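Student: I am new to this structure and would like to learn how to read the site of a ligand. Can we go through it step by step?

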Amino acid sequence: MQIIEPLEQQGVLVRRDRDKLEGEIDRFFLIESEGNVLGCAALYPFPEESIAELACLAVNPFYRDGGRGQRLLASAEARARKAGFKALFVLSTRTTHWFIERGFAQADISRLPGRKQSLYNYERRSKIFMKGL
Ligand SMILES: CC(C)(COP(=O)(O)OP(=O)(O)OC[C@H]1O[C@@H](n2cnc3c(N)ncnc32)[C@H](O)[C@@H]1OP(=O)(O)O)[C@@H](O)C(=O)NCCC(=O)NCCS
């Protein structure tokens with residue numbers, strides 16, 4: 001929460017309902033050091049489409065630029081591949097180049113899983129990035 005709350009306030013991450021987040025905590029994975037959480041990310045599966053969403057990727061600002069974001073992404077890719085998913089997608093308003101430089105390509109809303117398309121928040125105007133696994 002210490003990492004994602006400020007990012008929600010800045011509009012970098014979409015605000016997640018706290019009860020829902022607690023219920024979905026198993027989807028999250030972390031980088032920890034001496035009891036401190038340095039970074040986190042979550043994977044949301046869409047089994048019907050064999051695709052998974054990488055969400056909530058965030059690194060504590062004091063620990064950025066040390067490859068931790070890259071490690072979280074690599075871990076997400078490995079987990080998704082192991083679970084049999086064919087692609088990863090991410091919705092982001094600001095961190096576009098970071099994903100492009102790591103093999104993602106911008107995609108149209110029609111490429112999103114059906115359930116995600118109906119929830120897609122046009123107001124937020126997130127860009128959609130996709131990467132085959
Ligand atoms: C994106 C984020 C997770 C990267 O974490 P990190 O630990 O700094 O990542 P890495 O160390 O692996 O990569 C750092 C590199 O990415 C670059 N970078 C950081 N943010 C960037 C951005 N928004 N756009 C382009 N490049 C970016 C850094 O300049 C650095 O480049 P260098 O390696 O050439 O010096 C982190 O900046 C963050 O938490 N951002 C806020 C949350 C967010 O935007 N999440 C993504 C949307 S879900």
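Student: Which pocket does the ligand take?

Tutor: On a 1 Å grid over the protein atoms alone, a pocket is an open set of points with protein on both sides within 12 Å along at least five of seven lines. Here the space taken by the ligand is the largest pocket. The elements giving two or more residues to the shell around the ligand are β3 (51-59), α3 (68-82) and α4 (96-100); helices (H or I, at least four residues) and strands (E, at least two) are DSSP runs, numbered from the N terminus.

Tutor: This is a predicted model, where local features need pLDDT of at least 70, side-chain atom pairs count only at pLDDT 80 or more, and totals for chains, interfaces and linings use all residues. Residues are numbered from 1 along each chain as its sequence is written, and side-chain values use heavy atoms, leaving out hydrogens and water.

Student: How many residues surround the ligand?

Tutor: There are 19 (a heavy atom within 4 Å), and Leu57, Val59, Asp65, Gly67 and Thr95 are the closest.

Student: Which polar side-chain atoms lie by an oxygen atom of the ligand?

Tutor: A polar contact is a pair of N or O atoms within 3.5 Å. One polar side-chain atom of Thr95 is 2.4 Å from a ligand oxygen atom, and one of Trp98 is 3.2 Å from a ligand oxygen atom.

Student: Is Leu72 buried or exposed?

Tutor: Leu72, found in helix α3, counts as buried because its relative accessibility is 2%, and buried means under 20% relative accessible area (1.4 Å probe, protein chains only).

Technical notes. Polar contact = N/O pair within 3.5 Å; in protein donor to acceptor, adjacent residues only side chain to side chain. 1 Å grid on protein atoms, 1.4 Å probe; cavity = no way out; pocket = protein on both sides within 12 Å on 5 of 7 lines; lining within 4 Å. Sits in = over half its atoms within 2 Å of the grid points. Buried < 20%, exposed > 50% of the residue type's maximum accessible area, 1.4 Å probe, protein only.
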